[in-house]
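Reader: Hi! Could you walk me through the ligand site in this one?
Author: Happy to, let's bring it up.

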Amino acid sequence: MSKPTEPTSPFDLAGKTALVTGGSGYLGLAFCNSLAAAGARVVVGSRSESRAQQVADALQNRSGVEHLGVALDYRDDQAIEQGFSDAISRAGAIDVLVNNGHILDARDWTTVDGPGFDQQMRNATGYFLLARLFRDAAVAKQMPGSIVMLGSMYGRVASYPEVYDGIGPASSVAYQCLKGGVAQMVRHLSVYWAKDRIRVNALSPGPFPNPEGAPAELVARLEQKSPMGRIGRAEEIGGPLVFLCSDASSYVTGHNLMVDGGWTAW
Ligand SMILES: NC(=O)c1ccc[n+]([C@@H]2O[C@H](COP(=O)([O-])OP(=O)(O)OC[C@H]3O[C@@H](n4cnc5c(N)ncnc54)[C@H](OP(=O)(O)O)[C@@H]3O)[C@@H](O)[C@H]2O)c1
């Protein structure tokens, strides 16, 4: 019989450590839960170390390893370096990076200002700087790695104006610019880092509004536009993430996996 830390299926993440930024968020928590259920040790990133540790402590412990929480903030280069260095020094090595955290700005094309637009772009800068630190550390240890960056269906298609009309601001133009850019960054880095055995993929959710904050009318309109007739449930995003993080996707790189109930297939 195999030991619990030995992988038993290509989807098994036993023996692997995954750093997930924004792990306290709506989808971030679902990602952390799925990775822990697949056997990974999870290092939860948050702007607040205590919030990160709280999330880590509540995760299931399938492989008998301790999950960890670290402070990591995309707004500041130093904070990114410090957060990654803490993660490495506490975990030893990191096999998987999930660039999921997001600096939010709900302003649309009618109201966003220059600094607000720039700050949305800063999410891409943060994703890149952290990914490069991860790549450099893996190469130094001569180990392979998998990076997943969160895109969006709105990095591939435009939003329907009428979905938001009369409810609130439209989907942000800066956000759509960002997420289209993330998908292209993934293609670029996947090519440069393939020989280093670092796979780089995007995971692009469709409509997964947080049930705690989304107006019912908005949800109803999103459901109407979805081929599957419903919004995504947070637990439905974890399986595709585990696929991209694990050996099940060992020949997949530079890909942008849409998890959108068919939204972008219309
Ligand atoms: N939900 C959807 O429908 C949907 C659709 C398409 C794409 N996405 C993408 O999926 C990802 C997660 O979305 P979500 O819905 O789970 O959002 P969320 O609930 O708002 O979570 C985002 C998390 O990002 C973290 N964060 C905020 N500012 C940060 C910063 N400066 N540096 C690092 N982390 C920061 C926050 O955690 P702390 O406060 O603990 O730092 C927050 O919990 C995002 O990249 C989003 O664009 C979501």
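Author: One term to begin with: a polar contact is a pair of N or O atoms within 3.5 Å. This is a predicted model, where local features need pLDDT of at least 70, side-chain atom pairs count only at pLDDT 80 or more, and totals for chains, interfaces and linings use all residues. Residues are numbered from 1 along each chain as its sequence is written, and side-chain values use heavy atoms, with hydrogens and water left out.

Reader: Thanks! Which atoms of Tyr-74 lie 2.9 Å from a nitrogen atom of the ligand?
Author: A backbone N or O atom of Tyr-74 does.

Reader: How much of the ligand does the protein cover?
Author: The protein covers 85% of the 880 Å² of accessible area that the ligand has on its own (Shrake-Rupley method, 1.4 Å probe).

Reader: Which helix gives the most to the shell?
Author: H1 does, with three residues. Helix H1 (26-37) and helix H6 (173-193) are the elements that give two or more residues (helices are DSSP runs of H or I, at least four residues; strands are runs of E, at least two).

Reader: Switching topic: how many aromatic pairs are there?
Author: Two (ring centres within 6.5 Å; planes under 30 degrees apart are stacked, over 60 edge-to-face, the rest tilted). Tyr-74 and Tyr-127 form a tilted one, 5.2 Å centre to centre with 55° between the planes.

Reader: What does that pair tie together?
Author: Tyr-74 is in the loop between strand S3 (68-71) and helix H3 (77-91), and Tyr-127 is in helix H4 (residues 114-140), so the pair ties together parts 53 residues apart in sequence.

Note on methods
Polar contact = N/O pair within 3.5 Å; in protein donor to acceptor, adjacent residues only side chain to side chain. Phe/Tyr/Trp six-rings, centres within 6.5 Å; stacked < 30°, edge-to-face > 60°.
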